[in-house]
Amino acid sequence: MKTDVQIAQEAQMLPIQDIAADLGIREEDLELYGRYKAKISPFAVKNLHKKEDGHLVLVTAINPTTAGEGKTTTNIGLSMALNKLGKKTITTLREPSLGPCFGKKGGAAGGGYSQVVPMEDINLHFTGDFHAITSAHNLCAAMLDNHIHQGNRLRIDTKRVVWKRVIDMNDRVLRNIVVGLGNKGDGVTRESGFDITVASEIMAILCLAKDLEDLKVRLSRMIVAYDVDKNPITADDIEATGAMALLLKDAIKPNLVQTLEHTPALIHGGPFANIAHGCNSVMATKTALKLGEYVITEAGFGADLGAEKFFDIKCRYADLHPDCAVIVATVRALKMNGGVSKNALGEENLEALRAGAANLKRHVENVAKFGVPSIVAINRFPTDTEAELELLENLCDEMGVRFVLSEVFAKGGEGGLDLARAVVDICENEKSHYHPLYELVGTIEDKIETIAREIYRADGVDFSAKAVKQMEDLTRLGFDKLPICMAKTQSSFTDDPTKLGAPTGFRITVREVSISAGAGFIVALTGSIMTMPGLPKEPAAVGMDVMEDGTIIGLF
């Protein structure tokens with residue numbers, strides 16, 4: 001089979017104005033970025049505020065493995081299949097980060113014959129949203145350090161500056177740095193560091209903001225430091241709000257592209273789900289709900305991270321009511337969860353499949369805790385045997401969940417018709433009773449404990465002395481009634497990435513707790529999770545190049 005980039009380069013794309021016209025969007029409400037990309041003006045849907053929302057479908061997955069699951073591929077294929085059934089469908093996705101693109105994970109534009117295009121642009125600079133977020137974040141950092149250098153009127157404690165700098169690249173040497181070295185005019189010397197752009201609070205804010213005014217309110221209340229009396233210093237205190245909003249004036253507008261089969265795709269924002277809330281923008285999702293009958297969205301990594309945050313943070317804040325969830329798995333990934341090494345996944349192993357299916361069962365049970373009906377979509381591989389698929393179907397029957405085979409990678413929308421029919425049946429004939437997992441009135445500790453026990457199945461949570469003090473401070477400042485954003489490894493229900501399957505008899509360790517006051521959630525860092533990843537021994541970037549005629553090679 002051809003590579004993803006070869007398939008994407010052969011795609012016969014329609015002019016983006018044609019895609020927009022099918023949605024009822026006028027050309028004057030588009031801001032064009034070439035022939036195949038555009039931003040949608042907020043005015044495009046203002047007249048649709050009375051229109052009833054379409055059905056909202058979440059695509060999530062089991063814990064990711066190196067065997068591959070295909071969550072984004074399934075999302076895109078499902079949207080194309082629904083359009084084949086005559087349902088006006090839009091897919092909404094996050095934008096890929098350059099870090100994973102050049103590192104180990106790869107891009108986030110789907111795969112095979114289930115992709116969004118132009119794939120190369122989407123996986124690289126796209127419309128510049130990440131650059132705008134990076135610039136806005138670093139402007140705030142520059143203004144903060146300049147304030148300290150120029151006399152420190154706000155009496156900022158330089159040991160309690162919490163606003164780092166960001167870059168959209170995996171670069172481990174930037175995790176811990178010292179700024180202000182050199183002469184007196186080079187600023188105040190202090191320790192700092194870099195996070196990856198997708199971990200920036202501004203990224204989370206962009207994805208949770210309802211409009212430009214809401215964006216500015218959220219930016220204004222970001223906490224960047226504390227003064228000598230331990231009172232928070234905000235972005236508004238250093239007068240950075242307006243300039244940051246100016247840098248984000250275009251980035252806040254959703255991006256419109258298309259799938260290989262010309263299904264509209266809104267791709268906007270890109271927070272990671274292991275260190276942030278892992279969902280595309282509220283503006284893109286709400287825009288799609290007014291324009292389509294069905295909206296297929298996704299949440300990063302496994303359902304223990306992405307789906308939990310989608311339900312508990314995004315849906316809570318945006319007043320969204322999902323109708324259905326699709327849980328993606330593969331036979332290969334489940335066998336890996338059952339203890340099979342990667343080089344033996346092509347061999348039939350019913351015992352390992354049965355053991356690994358415990359991971360899937362736990363995710364199915366977890367989604368049910370939010371009152372949302374679900375379907376298991378098995379992303380089929382050529383190495384899957386009939387006996388393995390029959391066993392998996394029987395196991396899903398025992399779990400009380402629908403089982404559907406998906407072949408969208410190889411067949412595009414045609415390979416997702418059974419899944420599309422199952423989704424339509426649930427959305428039109430079953431009632432979703434969505435509700436968050438927990439109420440906001442509890443303590444910070446109680447909410448973290450609830451997620452750990454109910455979603456991860458931990459026996460409890462151990463808080464470091466530092467985390468305990470931070471929770472006390474946040475409670476004193478009145479931030480204890482916010483939702484929780486858990487920062488945890490995506491590879492396991494535990495905080496240890498090596499423990500696959502459905503482990504029991506473990507505890508979660510929270511080493512640090514911080515506030516994202518603008519985004520509106522509390523971040524709990526567990527285990528060894530990092531906000532600045534590093535490159536692997538042989539980065540994906542090693543095999544990439546561009547030819548004289550502009551042809552890109554090595555990009556998946």
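1. Arginine 155 counts as partly exposed because its relative accessibility is 43% (buried means under 20% relative accessible area, exposed over 50%, and partly exposed in between, with a 1.4 Å probe and protein chains only). This residue sits in the loop between α6 (129–149) and β7 (156–161). Its phi is positive, about 55 degrees, although arginine 155 is not a glycine. Helices (H or I, at least four residues) and strands (E, at least two) are DSSP runs numbered from the N terminus.

2. The model is predicted, and local features need pLDDT of at least 70, side-chain atom pairs count only at pLDDT 80 or more, and totals for chains, interfaces and linings use all residues. Residues are numbered from 1 along each chain as its sequence is written, and side-chain values use heavy atoms, with hydrogens and water left out.

3. Aspartate 319 also has a positive phi in a residue other than glycine, near 55 degrees. The loop that holds aspartate 319 runs between α11 (303–318) and β17 (324–329). With a relative accessible area of 54%, aspartate 319 is exposed.

4. A further backbone feature concerns proline 118. The peptide bond that leads from valine 117 to proline 118 is cis, with omega near 5 degrees. Proline 118 belongs to the loop between β6 (114–117) and α5 (119–123).

5. On the overall fold, the protein chain has 18 helices and 25 strands. Its radius of gyration is 23 Å, close to the 24 Å that the globule rule gives for 556 residues, so the chain is as compact as a globular protein of that length. The radius is taken over C-alpha atoms, and the rule is 2.2 Å times the number of residues to the power 0.38. Along the principal axes, the C-alpha atoms fill a box of roughly 70 × 60 × 50 Å.

6. Of the 556 residues in the protein chain, 59% count as buried. Among contacts (heavy atoms within 4.5 Å) with a separation of 6 or more, 75% are made by residues 24 or more positions apart. The accessible surface comes to about 21,800 Å², and 50% of that surface belongs to carbon and sulfur atoms. Accessible areas come from the Shrake-Rupley method with a 1.4 Å probe, and for residues only the protein chains shown count as cover.

7. The protein chain carries 61 positive and 74 negative side chains, and the centres of the two sets lie 4 Å apart. Lys and Arg count as positive and Asp and Glu as negative, while His and the chain ends are not counted. Each charge is placed at NZ of Lys, CZ of Arg, CG of Asp or CD of Glu.

8. Asparagine 359 lies within helix α13 (residues 350–368) and counts as buried because its relative accessibility is 1%. Not counting residues up to four places away in sequence, asparagine 359 touches Ile62, Asn63, Asn337, Phe493, Gly501 and Ala502. A polar atom of the asparagine 359 side chain lies 2.8 Å from the backbone oxygen of glycine 501. Threonine 285, by contrast, is 74 residues from asparagine 359 in sequence and 29 Å from it in space, C-alpha to C-alpha.

9. Asparagine 379 is placed in strand β18 (residues 374–379) and is buried, with a relative accessible area of 6%. Beyond its neighbours within four places in sequence, its contacts include Glu69, Gly70, Val328 and Ser406. The backbone oxygen of glutamate 69 is 3.1 Å from a polar atom of the asparagine 379 side chain. Valine 408 is 29 residues away along the chain, and its C-alpha atom is separated from that of asparagine 379 by 7.8 Å.

10. Asparagine 343 is found in the loop between α12 (331–337) and α13. At 71% relative accessibility, asparagine 343 counts as exposed. Its side chain makes a polar contact with the side chain of serine 341 (2.6 Å). A polar contact is a pair of N or O atoms within 3.5 Å; within protein, one must be able to donate a hydrogen and the other to accept it, and residues adjacent in sequence count only if both atoms are side-chain atoms. The C-alpha atoms of asparagine 343 and alanine 67 are 9.6 Å apart, although 276 residues separate them along the chain.

11. Glycine 187 occupies the loop between β9 (177–179) and β10 (190–192) and is partly exposed, with a relative accessible area of 21%. Setting aside neighbours within four places in sequence, glycine 187 is in contact with His149 and Gly180.
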